[in-house]
Amino acid sequence: MRRVSKDERSRIGFTLNGRAVSGEAEPRMLLTDFLRHVIGATGTHVGCEHGVCGCCTVLIDGVAVRACLTLAVQAEGRAVTTVEALAAPDGTLNALQQAFQKYHALQCGFCTPGILMSFTDYLARNPHPTEDEIREVLSGHLCRCTGYAGIVAAVLAVSCGSPN
Amino acid sequence: MTGLGEPLVRKEDPALLSGRGRYADDLPVPNGTLHAHVIRSPHAHAKILRIDATEALALPGVAAVITGEDVRKLTDPFLIALKQPVHQWSLAVERARYVGEAVALVVAESRYVAEDAAELVAIDYEPEEAVIDPIAACGKSAPLLHPACKTNEISVRKFAYGDTTAAFAAADRTVALMVDYPRLSFTPLECYVVLAEYRPHDNSYDVLANFQGPFSTHPVMAKALRVPGAKLRLRIPPDSGGSFGIKLSVFPYIVLTAVAAKVTGRPVKWVEDRAEHLLAASSGPNRITRIEAAVTREGRILGLRLDQLEDYGAFLRAPMPGPLYRMHGAVTGAYDIPNVDVTNRIVLTNKMPASLIRGFGGPQLYLAIERLVQRIAVELGLDHLDVIRRNLIPTEKFPYRTAAGALYDSGDYMRAVATAIADGRLDDLKRRRDAARAAGKPYGIGFAAVVEPGMSNMGYLSTLLTADARARAGPKNGAVSMVTVNIDPLGAVSVTADVTVQGQGHQTVLSQIVADRLGLNPADIEVMLEMDTGKDPWSIAAGTYSCRFSPGTAVAAHVAATRMRDKLAAIAAKQLNILPDDIEFADGQVRSHYNPDNALSFGRIAGTAHWSPAMLPDGMVPGLSETGVWSPPELEPPTSDDRINTSLTYGFIFDMCGAELDPMTYTVRVDRYVSMHDAGILLNPLIADGQIYGAFAQGVAAALYEEFVYDENGSLLSGSFADYLVPTVGEIPKLEILHQQTPSPLTPLGAKGIAEGNCMSTPACIANAVADALGAKDISLPITPLRLHALLAGEEAPVPLGASPPSPSPLAGEGWGGGSRSIGTPVPHSPTPTPDPSPQGGGEQARSA
């Protein structure tokens, strides 16, 4: 166990979307700040910093977590996945992203990355959810623009789930 | 297929879906940029005796601690719409007037260090009595927010239209109601962000901020910073995480961060966090309305009287009191009422200053009008829908000039209502109501008819002043929209416009409009909406607010693209040796209409203007850049008798819903919600429906969940997203949207504003449904389980003598179980609404269940 003093910046490394990244951070630095301002992956957004809005959702070892409630040091050595990983290198959107465009499931786009990451995790574990199950996952996110209707439709369409 | 009017998917989406959005906090900052943290007042009202920053300044990495005294020296108070000594700087000066008011700014190498240093700043306050309740604030003995005003009720204006006295004299009876619209905010998920640089050599500022407009606030900022407008360059980032009116109020922080850049000599960045956003960013004003109607026995409204007391909090920020005057011309709503008297009062209290919010005066007005119309039906023993239809403006009266001066451009209200009822299966809804009531469950049906203004007349606010004050100051009116279409030497089309991006798909719709005019594909049109006051044409009306896009900027794009089309037609006609009238633009070609083979590619024609100006028709100005300016004549200044056409277009919304109350958990479940919209021609139905879904969710939030709750000494009790209940998907009922398209005759595209309607109609419609379910008269929002319990269960029996000491009052923030998220929201100590003594129809049966 490495001992680090409160103000000391230490080097933290993990894989981000399949590539090794590292940077310096104090123990108290949030994973959101580390991703956005040390690494420069600004696709992850910050909406509340108290774990309610879901904008900051990323995957750590495949599981959806709130990056604003995670310290950067906790990601050491893990596999972090963010919204930047979803589209193909040439920009082609994956099925979930295409469904979001088709069903107008986003407007300002600020909550979108977090929602995409929650469903990337969830659909991997439950590929054909019911509408109620989709709504349960989505209830962990706040969206102020769309009224959620398009998001539920998009996830239902891409997972050929059964509407209520 | 050019796609105007088609539900095209958005070209904005691919970047936003793959984490490539460019929001303000994503953008690079200059080297050496410092970071700021605001220290905020814990008191609602207090003198600031002393600020000691020595310990904070000693912390390594701290560059400056800026206080109200610094700000008072370096800047002037913000201009306000009223001639009243209500002085606000970007920090509290001498006195803090609401919990959360910015008192000092710490500037350091990082936000973390700035927050550490903030805890070392010692501030001595002398707390003073605060006043929170707007009615109490009007009282003679109320503590004064701004002593120089000698009152907190800083404006009272009376208006009289038609002959209201005669109408009330002729009436069979009057029906009256008092309505209290709460304080809430549509908190965008992205908070405020400002990056400011000061350039001493020419005393100028360069600021990036997710400001949303209207840009009539730019002069307010420039004057506060004591520089001419051209020396305050304001740039808006390509993306913004929602605004809903709230990000107008970043402007005091633009001035504060600019001052910090000047004081430290380095660029300064400030990112607002959620806690301070909920505490002090902005909120809609709360309004208490006494409304009274003079009615005939058949429910025909002859005249209205409204007394509107609107609580703007601690200061009157520019452009307040917007909400109190934005709807002024439309104060009679969707009804044909020739006589109306209005009294508009502005009161200040020790709360966060109110400002822009989606709906902007509509929700407050329509809660009063539509609840009153329901009360007219109840008290006259008539059917609510019949009373609505008896008063709606008849189709043949359009364009309709209202008593207070609004010009409703077009509408077919009766057909919209008929369609909503038929397709909405009103009869089926009544069956569901009767079945629920038979099973002992309170169930009600609510209606709301709303006229939704689009694109504000920038002169509406001057109605606040008396006619002679307006004459002295010079008339104010109109709304200017500006769009520029450029074509580059290879024939590629790009567009800039005077809107700020917040998520409404403006790039997509602008590309549809320009492509339609030039016979191209929307995908070929590049739209750049990062506003830059240093380089883009802009007017005081620029920005995204009051639904100005469809009736305004969209038309300016049509004007610019049409002028570009005519120019290209003249160039092509010369080269194709035909008359310009014979030219058509289609499939990327410019060709003869009658002989399509006689054609040239769009790029070829465009190239001519760049590569060989000599080939241009005689007298034609070279270059391919056209700026379309659209300023509709109908937006006239207020008349000498205070009539004002407050907007250019007026859409119509008719909502119908069924709501069931759970007698165990006292939660409201919306069983069905139908919303009929007539917003003229829809430029992109997919995006238009998206705006309706969003406004509806915010309407539901205002009706059932969201409220800023203050205790009696002004502390905010809803300071996190765990207490301030922004609805999740679980709380938003299914919405059935219906459309009718009565074109606006006042714009070439025929499109009206559409994005605020349900913020105005949904709170009133749900309140009417709950009133019908309970037979209750006073429904205060949001309709939380605590409020319903107080309404249904009434007062608890007094504690018998000799028993244990009384338990805390049931109204004091007691947690309630039940419902997915319906945690009991603390209820302020407003008087418990008393159930209506004259129960009606099903309500009676429900209440005795």
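Domain bounds are those of an automatic or database domain assignment. On this basis, chain A is divided into domain 1 (10-85) and domain 2 (95-160). The structure is a predicted model, in which local features need pLDDT of at least 70 and side-chain atom pairs count only at pLDDT 80 or more, whereas totals for chains, interfaces and linings use all residues. Residues are numbered from 1 along each chain as its sequence is written, and chains are lettered from A and ligands numbered from 1 in the order in which they are written.

The C-alpha centres of domain 1 and domain 2 of chain A are 21 Å apart. Their contact takes 16 residues from domain 1 of chain A and 13 residues from domain 2 of chain A, two residues being in contact if their C-beta atoms, placed from the backbone, lie within 7 Å. On the side of domain 1 of chain A that touches domain 2 of chain A, the elements giving two or more residues are β3 (57-60) and β4 (63-66) of chain A. Helices (H or I, at least four residues) and strands (E, at least two) are DSSP runs, numbered from the N terminus. The most is given by β3(A), with 3 residues. By class, this side of domain 1 of chain A has 9 nonpolar, 7 polar and no charged residues; Ala, Val, Leu, Ile, Met, Phe, Trp, Tyr, Cys and Pro count as nonpolar, Asp, Glu, Lys and Arg as charged, and the others, Gly among them, as polar.

The contact between the chains takes 43 residues from chain A and 42 residues from chain B. On the chain A side, two or more residues are given by each of α2 (95-102), α3 (112-125), α4 (131-138) and α5 (149-158) of chain A, and α2(A) gives the most, with 4 residues. The residues of chain A that touch chain B divide into 20 nonpolar, 17 polar and 6 charged.

Within chain B, helix α11 (residues 362-380) and helix α12 (residues 384-391) pack at an angle of about 120°, with their axes 8 Å apart. Axes are lines fitted to C-alpha atoms, for helices over the stretch in contact, and angles run from 0 to 180 degrees between N-to-C directions. The contact involves Val373(B), Gln374(B), Ile376(B) and Ala377(B) of α11(B), together with His384(B), Val387(B) and Ile388(B) of α12(B). These residues comprise 5 nonpolar, 2 polar and no charged.

Ile388(B) is also in contact with Ala449(B), whose other partners beyond four places in sequence are Ala334(B), Leu392(B) and Phe654(B). Ala449(B) belongs to strand β18 (residues 443-456) of chain B and counts as buried because it has 30 C-beta neighbours inside 10 Å. A residue is buried if 20 or more other C-beta atoms lie within 10 Å of its own, exposed if 12 or fewer, and partly exposed in between, with C-beta atoms placed from the backbone.

Helix α8 (residues 251-264) of chain B has 14 residues, and its end C-alpha atoms are 20 Å apart, in agreement with the 20 Å that it should span at 1.5 Å a residue. The expected span of a helix is 1.5 Å times one less than its number of residues. Of the 14 residues of α8(B), 12 are buried, so the helix is largely enclosed by the rest of the structure. Among the buried residues of α8(B) are Val259(B) and Ala260(B), and both are in contact with Ile66(B). Ile66(B) lies in strand β3 (residues 62-67) of chain B and is itself buried, with 27 C-beta neighbours inside 10 Å. After α8(B) comes Gly265(B), with a positive phi near 70°.

Helix α20 (residues 757-774) of chain B has 18 residues and reaches 26 Å from its first C-alpha to its last, close to the 26 Å expected at 1.5 Å a residue. All of its residues, 18 of the 18, are buried, so α20(B) is largely enclosed by the rest of the structure.

Pro319(B) is in the loop between β14 (301-311) and α10 (322-326) of chain B. Arg226(B), not a glycine, has a positive phi of about 60° and counts as exposed, with 11 C-beta neighbours inside 10 Å. Cys547(B) likewise has a positive phi, near 50°, but counts as buried, with 29 C-beta neighbours inside 10 Å.
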